[in-house]
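Please read it alongside the sequence and the coordinates.

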Amino acid sequence: MIRIWGRASAFNLQKAYWALLETGQPYERLDAGGDFGGLDSPDFLAHNPNGRIPVIDDNRFVLWESQAIVRYLSELYAPALVPTNVQDRALAAQWMDWAQTNLLPAALDLFWGGVRTPKEKQDAAFVDQALRQTISALSLLDKELGTHAYLVGDSFSLADIPAGTCLYRFFEMEGIERPDLPNVASWYDRLTARPAYQQAVMVPFDDLIGKESF
Ligand SMILES: N[C@@H](CCC(=O)N[C@@H](CS)C(=O)NCC(=O)O)C(=O)O
């Protein structure tokens, strides 16, 4: 039985949880972080000395960092999510690293500034800049997705998980203008058809307003 720690509304938990659900393995999710707290308890820190969620324990193998978890779970339990040839695996790594270092910081700033910051404290210039950066990153994806259905070729793979996780909040948050991104929108439709995406990612995100959390 795989155990995974993290509150359902945590962005980084959602990446790892989505991958876990794609594996079909039995699991237990334990709420932690946000209003559940517990990240500074000795037991939690013994699992993750970095004091963040998500963390998994797979028969005493403990792993933290969401994208490391996505890779581990896919390779061990859902090999169909891992491209078989070296070049495609390299492309998957490219998209995962790009999402982590380019798309997600912008998208999380947008979410932080426009959703988790109380309305009366929101900084319009900050939100606007984060929106422009997010749209710029999504426009790059829109071009890429013009020639194939998923980030690596025409099959869903682990490469889609980090970038795909931010789409639900981007398309659902209120008060922003979204440009037409037809290929991203079609990709999003394909992701939302996946039961694992629905369960892990399409969950309310209007909690923790005013708290420093994603
Ligand atoms: N780089 C880490 C970041 C982990 C992280 O910052 N997690 C956030 C939730 S998205 C957290 O633990 N926040 C504290 C809390 O929720 O209380 C990863 O990808 O796993």
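**Salt bridges and sheet architecture**

Arg 132 and Asp 128 are four residues apart in helix H5 (residues 124-144), and therefore about one helical turn separates them. Their side chains form a salt bridge, with the closest N and O atoms 3.5 Å apart. The model is a predicted one, and a search of the whole structure finds five salt bridges.

- Arg 132 counts as exposed, because its relative accessibility of 53% is over the 50% cut-off.
- Asp 128, the partner of Arg 132, has a relative accessibility of 36% and counts as partly exposed.

- Arg 71 and Asp 97 form a salt bridge in which the closest N and O atoms are 3.5 Å apart.
- Because Arg 71 belongs to helix H3 (residues 66-77) and Asp 97 to helix H4 (residues 86-116), this pair ties together parts that are 26 residues apart in sequence.
- Arg 71 is partly exposed at 26% relative accessibility, and Asp 97 is likewise partly exposed, at 43%.

- Glu 22 and Arg 194 meet through their side chains in a salt bridge, with an N to O distance of 2.9 Å.
- The two residues are 172 residues apart and link distant parts of the chain: Glu 22 lies in helix H1 (residues 11-23), whereas Arg 194 lies in the loop between helix H8 (182-192) and helix H9 (195-200).
- Arg 194 has a relative accessibility of 21%; this value is not under 20%, so the residue counts as partly exposed and not as buried.

**The four-stranded sheet**

- Four strands form an open sheet in the order S2-S1-S3-S4, and their pairing is mixed.
- S2 and strand S4 (61-64) are the edge strands, each pairing on one side only.
- From one strand to the next, the twist averages 15°.
- Strands S1 (residues 2-5) and S2 (residues 27-30) run parallel and are joined by four bridges.
- S1 also pairs with strand S3 (residues 55-58), here in the antiparallel sense and over four bridges.
- Arg 3 has Glu 28 as its bridge partner in S2, and Arg 3 stands opposite Asp 57 in S3.

**Helix H1 and the sheet**

- H1 packs on the sheet and touches S1 and S2, its direction making about 160° with that of S1.
- Together, S1, H1 and S2 make a right-handed β-α-β unit.

Methods. Residues numbered from 1 in each chain as written. Predicted model: local features only at pLDDT ≥ 70, side-chain atom pairs only at ≥ 80, totals over all residues. Heavy atoms only, no water. Salt bridge = Lys/Arg side-chain N within 4 Å of Asp/Glu carboxyl O. Buried < 20%, exposed > 50% of the residue type's maximum accessible area, 1.4 Å probe, protein only. Pairing = 2+ DSSP bridges. Right-handed = clockwise from strand over helix to strand, strands pointing away. Axes fitted to C-alpha atoms, helices over the stretch in contact; angles between N-to-C directions. Contact = heavy atoms within 4.5 Å.
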